[in-house]
Amino acid sequence: MRKMKKINGYLVVKFNARELREYEGTALGEYGVIDAELYTGILDVDRGAMEYDNAGSMEEAVELARGLESELDAEEPEVKVTIVKETDETTEEEEVDAQQMIAGWENVLRGQVASAHYTCKPCMKRSSAPIPVPTAGI
């Protein structure tokens with residue numbers, strides 16, 4: 001089995017003559033498509049993980065691999081964070097959306113930085129310029 005192309009995280013592989021002889025009569029085509037992370041290069045291991053193993057031509061295998069991208073579920077699960085508030089008398093738990101919590105922190109930080117009363121003493125020793133609020137990945 002030889003890697004031919006990588007498309008959308010899937011490998012198009014070409015089966016060699018020995019593999020075709022060994023698997024004759026099992027509907028093994030000339031080409032197959034497998035998730036690149038699952039590929040080992042050993043047909044006995046990879047055959048169970050193959051998305052397709054019966055493509056007759058390179059073009060057919062490429063089209064099958066491209067079609068797999070549209071089948072992927074791009075929706076990510078919602079991330080919930082549990083906040084625990086403990087006092088001497090009570091313990092409260094509240095589930096919140098992680099992105100909303102981060103956005104709240106960002107607004108608080110932006111407000112502090114914009115405030116004339118806000119100073120970052122360790123930062124001011126190095127520079128008198130205001131410290132920018134990081135926004136990448138938030």
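Student: Where is the place of Asn8?

Tutor: This is a predicted model. Asn8 is found in the loop between strand 1 (2-7) and strand 2 (10-14). Its phi is positive, about 55 degrees, although Asn8 is not a glycine.

Student: Is Asn8 buried, partly exposed or exposed?

Tutor: Exposed means over 50% relative accessible area, and buried means under 20%. Asn8 has a relative accessibility of 38%, so Asn8 counts as partly exposed.

Student: Which value does phi of Ala27 take?

Tutor: Phi of Ala27 is near 65 degrees, a positive value in a residue other than glycine. Ala27 belongs to the loop between helix 1 and strand 3 (31-35). Because its relative accessibility is 60%, Ala27 counts as exposed.

Student: How do the strands form a sheet, and in what order?

Tutor: In general, strands of a sheet pair through backbone hydrogen bonds, either parallel or antiparallel. Here four strands form an open sheet in the order 1-2-3-4, with antiparallel pairing. Strand 1 and strand 4 (50-55) stand at the edges with a single partner strand each, so one side of each has no neighbour in the sheet. From one strand to the next, the twist averages 20 degrees.

Student: How many bridges join strand 2 to strand 3?

Tutor: Five bridges join these antiparallel strands. Val13 stands opposite Gly32 in strand 3.

Student: Which helix holds Ala17?

Tutor: Ala17 lies in helix 1 (residues 17-22), and Ala17 is partly exposed, with a relative accessible area of 49%. Ala17 and Met1 are 16 residues apart in sequence, and their C-alpha atoms are 9.1 Å apart in space.

Note on methods: Residues are numbered from 1 along each chain as its sequence is written. This is a predicted model: local features need pLDDT of at least 70, side-chain atom pairs count only at pLDDT 80 or more; totals for chains, interfaces and linings use all residues. Side-chain values use heavy atoms; hydrogens and water are left out. Helices (H or I, at least four residues) and strands (E, at least two) are DSSP runs, numbered from the N terminus. Buried means under 20% relative accessible area, exposed over 50%, partly exposed in between (1.4 Å probe, protein chains only). Two strands pair if DSSP finds at least two bridges between them. Axes are lines fitted to C-alpha atoms, for helices over the stretch in contact, and angles run from 0 to 180 degrees between N-to-C directions.
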